[in-house]
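Please look at the sequence and the structure below. The text after them starts from a single residue and then moves to other parts of the chain.

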Amino acid sequence: MKQVFTKLCFMLLLVTATSAVMAQFTVSGTVTDASSNPLSGVSVKIKNTSTGISTDAAGKFSINLPGVKGTLEFSYVGYQTQTVTVSSTTGSLSIKLEEANTSLDEVVVVGSRALPRSSASTPLPVDNLDVSVLKTTGQTTFDKALQYRVPSFNTVNTPVNDATTLLDPYEIRNLGPSRTLILINGKRKNLSSLLYVQFSPGRGETGADLSAIPTDAIKRVEILRDGASAQYGSDAIAGVMNVILKDRFQYSSLTLKSGVTSKGDGATYGIAYNGGANISKKGFINYTVDFSQQNNAVRSGIIDVPTEIATFGNPSQPLTSQPNKSIVDYLKVYPNANNTNGTGEITAAKFNYNLGIPIGENGQFYSNAGIVAKKAISNANFRTPYWRTDAGLLHNRVPGAPNYTGGNNPLYEGYIGYRPSFEGDLLDYNATFGVKYEKNGWKQDVSFTMGGNQQLYTVENTVNRTLGTASPTAFKPGGFRFSHLVGNYDVSKSLTDNFSLAFGTEIRNETYKIISGDTASYSGEGANSFPGIRAENASTNSRFNFGAYVDASWDITKDFLLNGAFRTEKYSDFGNANVWKVSSRYKFAEDKVVIRGSASTGFRAPTLHQIYAQSTQASFVAGTIQLSGLFNNRSKQAFLLGVPRLKPEKSDNYTIGLGFTPNRNLSFTFDYYNITIKDRVVYSSSISTSDPSTQLYQILQAAGVVQANFFINGIKTRTSGIDYVASYRNIPLGNAKLGINVAGNVAISNEILGSPNNPKPISDAGGDILSAQIRSLLTESRPKFKTVLGLDLSVQKWNFNLTNTLFGPTKFQDLDNGGSIMNNIKQVFKSAVVTDLNIGYDFTDKISASFTVNNLFNVLPKWKLELTGKSSDANYAAAAATLANPADKSLLEGFLSFSGRYRILGYNGSQFSQLGTIFNASVNFKF
């Protein structure tokens, strides 16, 4: 009997335990903000597990929990995380999330490193962009997404620009890529090794590779639209962009992406995985893997025959005579001259992680890193047989085709020319390791950051004519490498209820390397289309700098805030720099109105690229070898020309703004800015002269140079404008919610003050370091104004986003050769509106899809020629006569687009993408 009783007890315990294990219960409810507006996409997780779901468009959720009791964790970007204990008897939950009042404390870019504040009360203008906002653009890279969400940010593709296929120049407030500091989780991102030297926006500058950052790794982006040199040092004249990576793990996601243009080309494919885990109560690891492929999108124009004959033939002879006849015959068969100009083919693999491990109750070890490997392939202009006849590529034949060279050599029968290709291999990496902790109210952060960018180039299907039949058809023309090491130590404390203090130091070492090409790539005239870097131009150069800052924030009253900062820097190559900043904010009308402003000085150290870059080519002139091209700032040629060594740019920044928030769903901000830059570094025009009586001629001859370009602290500029933002969200429309956002930038002035700092030998010879073409690039090559109007509508499981972006006019002054009529003629791109439509649908709480039509109405940039200048100008009358004569005007338009090759895809770029309508789709899986 005892044994039977024991067995019955054991069976009862087993059944009870099994029932407990198998038991589960369901909890459902709604998540809203403090104003009872539903929040979509809130993470609802069973605490200390990876099991969880997200709220739907109406903020509703339903989740199964094991056992009879558990704890749910509700988290959402920009809101405080909330935990709730639930049981099998819990009814429907109503969760209200409070906005986080320290959303900017991961990296303080709000103008004071002492006391972080939300953007509503900051004394400076800050854009806060959640990654979901960027994804609704449908753009395939981070930098292009910013183009359609941030009015003061501009970037655009430029065709047949060789290495710039790897990354496109960008800028904020028309100040070039080198004057916006890029941070990742508050730490400096390394520059690219590429120096832009083409005649396109950003010429003579470099910047960080924004496209290297996978969008799926980003939590949000903060953009401070004000100078911040006093807090962060060099490069922050126009502002600071801080990319904040995803941290606490909520769920894993897999995103599949694809797209194509309305022409059926330029296809894109991508797959991105984001995952991670939470480590104890506060720790985390979050990582992203991203693979993408972009195919060519070709937008070649039809060749204008008169211009082509004027370029390669003899316009004074009839079309039936040679070489004109060969040109006409060739273009009848190949109307676009076999050109395939357009966007390049790009393959990229990206990896990124963000890590935080708690140390005790008040400390954390943190780290983040990213690496991208990218290959870009683009095409140079097709070398038609009447342009070039290179014996090494005579295999490019069409049986039965005539001799298109304009001659009678049977060797060229059927020869149709060749198309050189350019390949670039890019490796970009960054990593940060640090510890932050708090003791007795003192917050301390010590970190080490490393980063680098390397580009190596290959050109194929071309020849070095100097080598004749011995020339290879593929070359390694060299490349560039940049790296930096950065150490930071930052301390801050709220000393009283209304006064905070911060101070810190930074040490940085930078290295720039120019890598020479193989001998065949630069011997003689070098590889056609992309000559190699000569061995004598290769070099490795480094510098070291040390900086320290102090920053204080004082709430004089609860409404009146005053911030102040001072920074000193010492560079090993040019000496010291001292800068300061003062900013303030005053709130009234129950905190609904804010007046804010700032005054500051700033500086930008010339990059190592601008100091040491040298790219010269050899040519035979009068029986001797002479050089031409870019000579670095430390070269003998620059010294003889009287070009001084580069020193830092200095800036004066002023802002004043007004913010108005009638209620939590409606807000307006208006901010005026004025930035004056002294000793601005510019890449000069090509300097040359044929007058042997001038000192310039004698210097060039003595240096063995026929023409020279160089970097110089050449000009003083002023940039001013207005930024405005208006937002009205949660507008009820039946069961739907509508949000309206308007953001814009208007450039009031972007001008060169006074005359350029021309070295005396150049000015005496009638030369100028700034041609009309370069002046135009500096002052007019970005939109005069830009406005983004967005409408967001959420209806149950559907999300709609309609965005209209107004791009203002852009101007280019091209074909400048000193005294030409082009000094009084500009290529003007008209204002245009680009419409994007994004439709999203949540199939379940785990599966969603998005479809985007970029440039819904297939709007293309359009330009025309306009007369400019004064009637008293020497070439004004001739320029006016040219535009009044249809034949002459058509010929000039042909010259501006290389005989029409770039009629569709402008060589210098335009305000926005020139590819027309693009369709993009993505599917996201959460698990």
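Asn858 is partly exposed, because its relative accessible area of 39% falls between the limits (buried is under 20%, exposed is over 50%, and partly exposed is in between, with a 1.4 Å probe and protein chains only). The model is predicted, so local features need pLDDT of at least 70 and side-chain atom pairs count only at pLDDT 80 or more, while totals for chains, interfaces and linings use all residues. Residues are numbered from 1 along each chain as its sequence is written, and side-chain values use heavy atoms, with hydrogens and water left out.

Asn858 sits in the loop between strand S42 (847-854) and strand S43 (863-867). Helices (H or I, at least four residues) and strands (E, at least two) are DSSP runs, numbered from the N terminus. The phi angle of Asn858 is near 55 degrees, a positive value in a residue other than glycine. Asn174 is also not a glycine and has a positive phi, of about 60 degrees. The loop that holds Asn174 runs between strand S10 (170-172) and strand S11 (180-184). Asn174 counts as buried, because its relative accessibility is 8%.

Asn174 leads on to Asn750, since the two are in contact (heavy atoms within 4.5 Å). Asn750 belongs to strand S36 (residues 736-753) and is buried, with a relative accessible area of 13%. The side chains of Asn750 and Thr719 are joined by a polar contact of 3.0 Å. A polar contact is a pair of N or O atoms within 3.5 Å; within protein, one must be able to donate a hydrogen and the other to accept it, and residues adjacent in sequence count only if both atoms are side-chain atoms. The side chain of Asn750 also reaches the backbone oxygen of Leu778, at 3.3 Å. Thr779 is 29 residues from Asn750 along the chain, yet their C-alpha atoms are separated by 5.4 Å.

Ser252 is another buried residue, with a relative accessible area of 8%. Ser252 lies in the loop between strand S14 (239-245) and strand S15 (253-261). Its side chain makes a polar contact of 3.4 Å with the side chain of Tyr273. Not counting residues up to four places away in sequence, Ser252 touches Tyr273, Asn274, Gly275, Phe925, Lys926 and Phe927.

The helices come next. Two packed helices are described by the angle between their axes and the distance between the axes. Axes are lines fitted to C-alpha atoms, for helices over the stretch in contact, and angles run from 0 to 180 degrees between N-to-C directions. The axes of helix H5 (residues 305-312) and helix H14 (residues 886-896) come within 8 Å and cross at roughly 65 degrees. That makes H5 roughly perpendicular to H14 (65 to 115 degrees; under 35 is roughly parallel, over 145 roughly antiparallel, and the rest oblique). Pro306, Thr307, Ala310 and Thr311 of H5 make the contact with Ser890, Leu891, Gly894 and Phe895 of H14.

H5 also packs against helix H6 (residues 324-333), with axes that come within 10 Å and cross at roughly 140 degrees. H5 and H6 are therefore oblique to each other. Here Val305, Glu308, Ile309 and Phe312 in H5 meet Asn324, Ile327, Val328 and Leu331 in H6. Pro323 lies in the loop between H5 and H6, and a cis peptide bond, with omega about 0 degrees, joins Gln322 to Pro323.
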